[in-house]
Amino acid sequence: MRAWFAIAGVVALWVAGRLVALESDALRLSMDAVLAVLCLVASLRFERGDPPRWAWGLAAGAQILSTALHATQAGWLGAGAEAWSGPITLVLNAFWVGAIAMFVRNVWSSGLAPPWSRGHVAGVALAIAAALAGLGLVVSEEFATMREQGLTLSDEMANLASATADTLVFIGAVLLIRMVAPMAGGRVARPYLLLCFSAAAYLVVDVIVAAADTRVYAALDVGSQVWVALADGALAAAVVAQLDLLRNRD
Amino acid sequence: MQLLTSKSAATRSPCVHERDGASAGASIEPVADLSETILAVLRPELGPHTSAQALRVACKKAKLDPDRLIASDLPALAEHISRMCRTLLGKRRSDALVEQMREAVRHDDRGGRP
């Protein structure tokens with residue numbers, strides 16, 4: 001129970017910091033950088049050859065690129081750097097998809113994943129269908145925006161790639177939840193469940209942003225920022241839970 | 001524990017130094033329940049359900065009957081459990097868990113409870 005209070009504390013602290021940082025590029029970038037460092041520390045706490053080391057390493061790589069992307073968008077890296085934001089977005093999303101795929105593979109290869117009943121298959125299929133429906137909504141809205149505002153395909157590619165990656169990460173998270181659910185009550189489940197919450201929150205952000213009408217966009221944007229803050233908070237808490245798991249209690 | 005077998009805890013065989021029938025007439029001295037010792041170490045990390053599953057899978061791989069474990073089965077079981085845990089916890093933490101199991105069994109051999 002104490003651990004869950006600590007995790008809730010980390011999430012609350014992160015959400016508050018993130019919302020305060022909305023108007024400050026420096027503060028927002030600092031929080032991105034802290035997440036990158038946390039993921040890197042989690043990765044390096046594992047030994048060479050430990051499967052979770054690579055998964056957390058990819059997550060750290062994604063967060064480092066995310067920090068670079070936001071630095072680019074804030075204009076910190078010069079005007080020419082803006083051209084790199086598209087490729088950086090693509091690579092960082094690929095890193096996240098790779099990370100979640102490795103987490104799923106790790107749990108699966110442990111031999112401790114539970115067998116799948118028909119009910120479980122149906123439940124997971126339903127969640128995946130909902131995620132794909134969300135992606136469909138995002139894609140149609142992005143193309144509608146492109147037509148109305150005369151944006152080029154490349155302008156929207158980064159958003160589409162991001163939404164597709166978030167959907168894939170969410171699908172990975174759904175599989176993880178199913179595999180990790182029987183481990184609930186054990187410390188090993190905490191980082192995975194928090195990662196899953198983070199993935200779901202990012203998908204919610206995509207849907208909110210895509211569904212936002214220009215008239216209500218300001219209100220929805222604040223809503224999406226709360227979800228971004230929750231997603232980042234959950235990721236920070238997942239790393240803290242992972243580090244706690246690796247702490248030797250002898 | 002009830003997930004390990006359908007038998008109740010009260011009817012489970014305790015961990016013994018000698019397997020039944022290994023030496024006719026030899027006393028089978030119960031020192032502790034090896035299953036319970038292993039589960040007590042795994043439970044905080046994996047949760048009650050998955051701990052029982054880990055032990056069940058380890059017994060299957062080591063070709064051991066989970067109801068008739070003896071202290072000398074620990075190395076074989078520990079190796080399989082460590083391998084399973086490594087993908088989730090890493091080598092260092094898995095080794096620490098195995099060492100905790102060994103320590104608990106040593107403690108039981110001295111007549112104490114872990």
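A:Asp50 and B:Arg86 form a salt bridge in this predicted model, with their closest N and O atoms 3.2 Å apart. The rule (a side-chain nitrogen of Lys or Arg within 4 Å of a carboxyl oxygen of Asp or Glu) finds three salt bridges across the interface of chain B and chain A. Helix 1 (34-61) and helix 2 (74-109) of chain B each supply at least two residues of the side that touches chain A. Helices here are DSSP runs (H or I, at least four residues), numbered from the N terminus.

The contact (heavy atoms within 4.5 Å) takes 29 residues from chain A and 22 residues from chain B. The two chains bury about 2000 Å² between them, 51% of it on carbon and sulfur atoms. B:Thr87, B:Leu88 and B:Arg92 lose the most area on the chain B side, together 31% of what that side buries. Buried area is the accessible area (1.4 Å probe) lost on putting two parts together, summed over both.

Helix 1 of chain B is bent. The bend is about 120° at B:Leu46, and B:Pro48 follows within four residues. This angle lies between axes fitted to the seven residues ending at a residue and the seven starting there. Helix 1 has 28 residues, yet its end C-alpha atoms are only 17 Å apart. A straight helix would reach 40 Å at 1.5 Å a residue, the expected span being 1.5 Å times one less than the number of residues. Just after helix 1, B:Lys63 takes a positive phi of about 55°.

Residues are numbered from 1 along each chain as its sequence is written, and chains are lettered from A and ligands numbered from 1 in the order written. Local features need pLDDT of at least 70, side-chain atom pairs count only at pLDDT 80 or more, and totals for chains, interfaces and linings use all residues, while side-chain values use heavy atoms, with hydrogens and water left out.
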